[in-house]
Amino acid sequence: MQSRNTFKSNVTKNGDLFSILNFDGRIAFQDIINATEGFDNRYWIGTGGYGSVYRAQLPSGKIVAVKKLNHREAEVTTFEKSFKNEAKILSEIRHKNIVKLHGFCLHNRCMFLIYEYMARGSLFCVLAHDNEAMELDWIKRVMIIKDTACALSYLHHDCHPPIIHRDISSNNILLNFNLEACVSDFGTARLIDPDSSNQTMLVGTYGYIAPELAYTMVVTEKCDVYSFGVLALETLMGKHPGELLVSLSASFSKNIMLSDILDPRLSLPSDRRVAKDIVFAATVAFACLRSNPKFRPTMKCVSQEFLSRKRLVTNRLQAISLLQLKEHDMYLDDKGKIQAQDSREDG
């Protein structure tokens, strides 16, 4: 067995990496095969960007999620590379809002990753079902946005070299039994090299990709910041904000009120503190969606502002328009603090 934080293994066969590691150091290859009855469809719980995900109960009683690369996918070099990339990155990082990797097997005949089991599935699926979406109240939604910001801040500013996720979307935010969020799916994650141009192929989920990537093909942390902005709005609205993002450039956007875009399945909050949190989260989202990446705040700044719990809003939630949020948007001053700025300065 290898230590939890070490990717290279002394156990190899036919030149393929093989490692099983976990909280107790005893997860064995055969335990996974037995728990899923050879990856039978009865244990299938979903599909990631690549690979099928299965629920497995180990002999200890512990439940884990296992993502297996299918035979056809294993023959595609890009998928195999993404699979190994995810194993490498997740074995080297730890954060309470990033899904935990318990183990992996990277053998040429069977490739799978063993994760912490997230009982409620993806944020996308929860928002898509009315009963589950209503269980996700405003406090929980703001917490999901905050926790995602903290996870991205860790990747961008506490990992060396920095890690850019490149595919932040509601499908890749997983929720545990208590509806707490973890960022998942690191197959396309990229380590940033300060001595490189960091040019990349266009990857990610349509509707979340930063606009500058289409013409620069250069990945920066501000690409994740844009995707986070989309995700934050989606969490508040209960659906992807695609149509809203288009309408914001139209003249009638000044007539759209914040209360009109919030998920109608939830009542507007009566608690003033919760209302302030919603307004703040929406303001952060619009700041992250600036077309010019240099005017977007860093995730470190966003997470610090969430943790500081300073809320300067004085108007009632129902009286705040999207135009007000955009005109009093956010930027970083020389000391790294978020300040108000007229969005018309955005070039």
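Helix α8 passes helix α11 in a left-handed crossing (the near helix is turned anticlockwise from the far one by less than a right angle; clockwise would be right-handed). The structure is a predicted model, in which local features need pLDDT of at least 70 and side-chain atom pairs count only at pLDDT 80 or more, while totals for chains, interfaces and linings use all residues. Residues are numbered from 1 along each chain as its sequence is written, and side-chain values use heavy atoms, with hydrogens and water left out. Helices (H or I, at least four residues) and strands (E, at least two) are DSSP runs numbered from the N terminus.

Helix α11 spans residues 272-288, and its axis lies 7 Å from that of α8 at an angle of about 145° (axes are lines fitted to C-alpha atoms, for helices over the stretch in contact, and angles run from 0 to 180 degrees between N-to-C directions). On the α8 side, the contact (heavy atoms within 4.5 Å) involves Val225, Tyr226, Phe228, Gly229, Ala232, Leu233 and Leu236. Their partners in α11 are Ile278, Ala281, Ala282, Val284, Ala285, Phe286 and Cys288. This contact of α8 with α11 has 13 nonpolar residues, 1 polar and no charged (Ala, Val, Leu, Ile, Met, Phe, Trp, Tyr, Cys and Pro count as nonpolar, Asp, Glu, Lys and Arg as charged, and the others, Gly among them, as polar).

Helix α11 also meets α12, through Phe280, Ala281, Val284 and Cys288 of α11 and Val302, Glu305 and Phe306 of α12. That contact of α11 with α12 divides into 6 nonpolar residues, no polar and 1 charged. The two axes come within 12 Å and cross at roughly 170°; α11 and α12 are therefore roughly antiparallel to each other (over 145 degrees; under 35 is roughly parallel, 65 to 115 roughly perpendicular and the rest oblique).

Helix α12 (residues 299-308) is packed against α6 (residues 138-158) as well, with axes that come within 8 Å and cross at roughly 140°. This angle makes α6 oblique to α12, and the crossing is left-handed. Residues of α6 in the contact include Val142, Ile145, Ala149 and Leu152, and those of α12 include Met299, Val302, Phe306 and Leu307. By class, the contact of α6 with α12 comprises 9 nonpolar, 4 polar and 2 charged residues.

Two backbone features were found in loops. The peptide bond from histidine 160 to proline 161 is cis, with omega near 0°, and proline 161 is in the loop between α6 and β9 (163-164). Glutamate 37, although not a glycine, has a positive phi of about 50°; glutamate 37 lies in the loop between α1 (29-35) and β3 (44-47).

The structure holds 1 cavity of 30 Å³ or more. A cavity is a set of points on a 1 Å grid over the protein atoms alone where a 1.4 Å probe fits but cannot get out, and lining residues have an atom within 4 Å of a point. Grid points are joined across faces, edges and corners, and a volume is the space filled by probe spheres set on the points. The largest cavity has about 80 Å³ of space. It is lined by 15 residues, of which Arg166, Val203, Leu213, Cys223 and Ser227 are the closest to its centre. Helix α8 (residues 221-237) gives the largest share of this lining, 3 residues. The lining of the largest cavity contains 9 nonpolar, 3 polar and 3 charged residues.

Definitions and conventions: 1 Å grid on protein atoms, 1.4 Å probe; cavity = no way out; pocket = protein on both sides within 12 Å on 5 of 7 lines; lining within 4 Å.
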